[in-house]
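Subject: Structure for you, with notes

Hi,

Here is the structure I said I would pass on.

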Amino acid sequence: MTSNAINHRENAIALATRYFDEGQFKSDLGALVAFETESQEPGKKPELLRYLSEALQPRLNASGFTCKIFNNDDPQGGPFLVGERIENVKLPTVLTYGHADVIRAQTSQWSDGLQPFKLIEENGRYYGRGTADNKGQHLINIIAIESILAEQGSLGFNAKVVIETSEETGSAGLAAFFEAEKERLKADVLIASDGPRLQPETPTIFLGSRGGLGFDLVVKLRDGAHHSGNWGGLLADPAMILAHALTTICDRRGQIKVPEWRPDSLTEKVRAALKDLPVDDTQNSGEPKIDTEWGEASLSPAERAFGWNSFAVLAMTSGVPDAPVNAISPSARATCQLRYVVGTDPSEILPALRRHLDLHGYEMVKIKPHDDGLFRATRLEPDHPWVMFTEKSLSETTSKNVHVLPNLAGSLPNDCFTDILGLPTIWVPHSYRGCSQHAPDEHVRKDICREALQIMAGLFWDIGNTKTPTP
């Protein structure tokens, strides 16, 4: 790389840094947070559309993107925005992605002085709903593109942006939209941002995500509750039956006992990528210490989180927990979730559970799938050329070793990019695990945002000015 080229790269990074240091990032993020884009709340679709048309489209237009907003054919989903900046059809094309919608505000549960739809700066953090998930993350990538354009007038590659508004409700309609617009979204690679870094101080790349499937386990034995004095010892307790049924799914340390839920895809290549990755980061406020005696005993913490399946009971009810009465409840329900990796057939998850429960004598336990979508598991090989290209770029910008994860422990609609568009997928997260994502007091750390602007400006500059893995 010539000294002149190095100077241009440094200048682009400096522009992105100045954008943060002079307060423009805070101002722009605050404007995005102010849109109350709660996709889980009925009646918010106009706000989702307004975010696309008023907040993002004018900004992308100013950077030479041709934008179009599409209706979602799925009534459960919100609209999509697609922006395209085509400089030369012979250049590589990068697709980036974000989601405009946020989780429910949970306003009453935020700490004193904080509120979901007003950006508040406190203790080196920006608080507000969407700061971490995902408004702050896609804003950083857009700013990085703007910095390259400000420095050299062109990107040196073609850029496409897709923003959806239904990720928090299972990305309803996204797969069908990608199928219909496959040609429009054609690209060489996805480079997008969501989720957390493995450790706050270290840039992270992840190459896919665990899949997620939610369902209820329900035991209903009768209509109405009955006095526990008159009927105790005579009527079966549905909560007790359900609790025992759950113990057939996992043992007391959370090891999965359903044979088909135990993947065979933890290969030596994946294990090598996960080796020595730090998972327990107790030095950072808000991150709990991991339970070393929980999960698959033969695996390391990193292998449990990124290379294995995990089963969780998200909620359980029987009777009226807030106002119990002396009565045997007629029913019990457990809301459950399986996070699963590549190698687990999603179409077989619930049939396998049905067979397993029946085998153990729990035919009375009904399985009710959730209807809010299914995220499928995806994974790119750690030695893929685009992975090595991105890792090198981030390391050059920060002078740090980069954490490379075969997949995120959480779930994303990454299968839409891999299975429908056929893309290698590179995710560069700009948050950290203690960000209170999906909880009250959601926030981003200022130092991570500042470094994220630098690494994305460097990465986009490298794509436009050095040899990439694809033409």
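H138 sits in helix α4, and in this predicted model H138 is buried, at a relative accessible area of 2%. Neighbours within four places in sequence aside, the contacts of H138 are Y51, L56, Y97, G98, H99, A100 and I163.

The peptide bond from D133 to N134 is cis, and its omega is near 5 degrees. N134 belongs to the loop between β5 (125-127) and α4.

Now the strands. β2 (residues 80-85) has five of its six residues buried, so this strand is largely enclosed by the rest of the structure. Which strands does β2 pair with? One is β1 (residues 66-70), which pairs with β2 in the antiparallel sense over five bridges; here F70 has F80 of β2 as its bridge partner. Another is β6 (residues 158-164), which is also joined to β2 by five bridges and runs antiparallel to it. In that pairing, L81 is opposite I163 of β6, and I163 is also among the contacts of H138.

Beyond four places in sequence, T93 is in contact with N158, K160, K186, A187, D188 and V189.

On to the packing. Nonpolar side chains tend to be buried together in soluble globular proteins. The largest nonpolar core here has 63 residues, and those that touch the most other members are F25, I191, I426, M456, F460 and I463. Which elements each supply at least two residues of this core? They are α1 (3-21), α2 (24-33), α3 (45-62), α4 (135-152), β6, β7 (189-192), α11 (385-398) and α13 (446-465). The largest share, 11 residues, comes from α13.

Helix α10 (residues 349-359) shows a clear pattern of burial. Its buried residues are I349, L350, A352, L353, H356 and L357. They are on the same side of α10, because the arc they cover around the axis is only 155 degrees. Among the elements that cover these buried residues are β10 (211-220), α7 (238-249), β14 (331-340) and β15 (366-369). Just after α10 comes G361, with a positive phi of about 85 degrees.

S399 is not a glycine, yet its phi is positive, at about 60 degrees. S399 is in the loop between α11 and β16 (403-405). Is S399 buried or exposed? With a relative accessible area of 68%, S399 is exposed. H438, likewise a residue other than glycine, has a positive phi near 70 degrees. H438 lies in the loop between β18 (431-432) and β19 (443-445), and counts as partly exposed at 40% relative accessibility.

Last, the aromatics. How many aromatic pairs does a search of the whole structure find? There are 17. One of them is F177 with F178, a tilted pair at 6.3 Å centre to centre, with 50 degrees between the planes; both of these residues are buried. W386 and F389 make an edge-to-face pair, 5.4 Å centre to centre and 65 degrees between the planes. These two lie in helix α11, three residues apart, or about one turn of the helix, and W386 and F389 are both buried. There is also an aromatic cluster formed by F70, F80, Y97, F177, F178, F206, F417 and W427. That cluster includes F70 and F80, the bridge partners from the pairing of β1 and β2, as well as Y97, one of the contacts of H138.

Cheers

Terms used:
Residues are numbered from 1 along each chain as its sequence is written. This is a predicted model: local features need pLDDT of at least 70, side-chain atom pairs count only at pLDDT 80 or more; totals for chains, interfaces and linings use all residues. Side-chain values use heavy atoms; hydrogens and water are left out. Contact means heavy atoms within 4.5 Å. Buried means under 20% relative accessible area, exposed over 50%, partly exposed in between (1.4 Å probe, protein chains only). Helices (H or I, at least four residues) and strands (E, at least two) are DSSP runs, numbered from the N terminus. Two strands pair if DSSP finds at least two bridges between them. A nonpolar core is a set of buried Ala, Val, Leu, Ile, Met, Phe, Trp, Tyr and Cys residues joined through side-chain atoms within 4.5 Å. The arc is that of the directions from the helix axis to the C-beta atoms. Rings of Phe, Tyr and Trp (its six-membered ring) pair if their centres lie within 6.5 Å; planes under 30 degrees apart count as stacked, over 60 as edge-to-face and the rest as tilted.
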